[in-house]
Amino acid sequence: MSRSPTARLFVAIDPPAAVREQLAAWARQAVAAIGAAGRGGIPRGVRLLGPETMHLTLCFLGSRPTEEIDQIAAALDGLQAHGGELSVGAPLWLPPRSPRSLALAVHDRAGELATLHGAVRDALAGAIDWQPERRRFRAHVTVARLGRERSRERRGAADEHVPPPTPQLSFVAAEVVLYRSWLAPAGASYEPLTRSALCASSDSSPDGGEGVGEPDGR
């Protein structure tokens, strides 16, 4: 009996292109600075992500039957959730104990991001036979990936150097995107399958655009 085709899926928020470009520029500076502090050890095995691959993952579904895609899309289209204003925060090594990626935290003042995450999680669980991850939701955008080998040593070298100030950026979560992830030796690529608009938030900026300012030293 042949197995049904599957797809590796996740739901995410896309920062605007201008925000992703600045995150990519910060990542290049951070990796170069940490590499100098670590006597050149950090850059080996580090892969900087392109701006087009940067996103804020809300829910990772893993490998799912492709026949579920329409059900998932319908569940996302039926969301009655608000998109709020989000801001870029401090650098994060993830996972903390044995890091394999460098990311930047994402925050919101109104708490709508946590509410949105819960709404997406519940909608997906109600539409398909899927169990959410038990680990705590930590909103972030990954900007670089580290090789699995010697990640502890890389973390130790990185801790000797303070990364450059993170850019003071904000943007509005206007939609959620269902992505298909394609794995390859050179790194994953992401195919957007559907986009579902979020309800406007009273706390969002009037024009729905991103705010860009001077670095805040985080």
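View 1. The largest pocket holds about 1500 Å³ of space; a pocket is an open set of points on a 1 Å grid over the protein atoms alone, with protein on both sides within 12 Å along at least five of seven lines. Its volume is the space filled by probe spheres set on the points, which are joined across faces, edges and corners. In this predicted model, local features need pLDDT of at least 70 and side-chain atom pairs pLDDT 80 or more, while totals for chains, interfaces and linings use all residues. Residues are numbered from 1 along each chain as its sequence is written, and side-chain values use heavy atoms, without hydrogens and water.

**View 2. The lining of the largest pocket**. Lining residues have an atom within 4 Å of a point. There are 40 of them, and S101, R135, H140, T142 and R145 lie nearest the pocket centre. Two or more lining residues come from each of β1, β3, α3 and β7 (140–146); helices (H or I, at least four residues) and strands (E, at least two) are DSSP runs, numbered from the N terminus.

**View 3. The open sheet**. Four strands follow the order β3-β1-β9-β10 with antiparallel pairing, where a pair needs at least two DSSP bridges. β3 (56–65) and β10 (189–197) are the edge strands, each with a single partner, so one side of each has no neighbour in the sheet. Between β9 (residues 175–182) and β10 there are 8 bridges, and E175 has A197 in β10 as its bridge partner.

**View 4. Helix α2 on the sheet**. Helix α2 (residues 69–77) touches β1 (6–13), β3, β9 and β10, contact meaning heavy atoms within 4.5 Å. The direction of α2 makes about 45° with that of β10; axes are lines fitted to C-alpha atoms, for helices over the stretch in contact, and angles run from 0 to 180 degrees between N-to-C directions.

Terms used: On a 1 Å grid over the protein atoms alone, a cavity is a set of points where a 1.4 Å probe fits but cannot get out, and a pocket is an open set with protein on both sides within 12 Å along at least five of seven lines; lining residues have an atom within 4 Å of a point.
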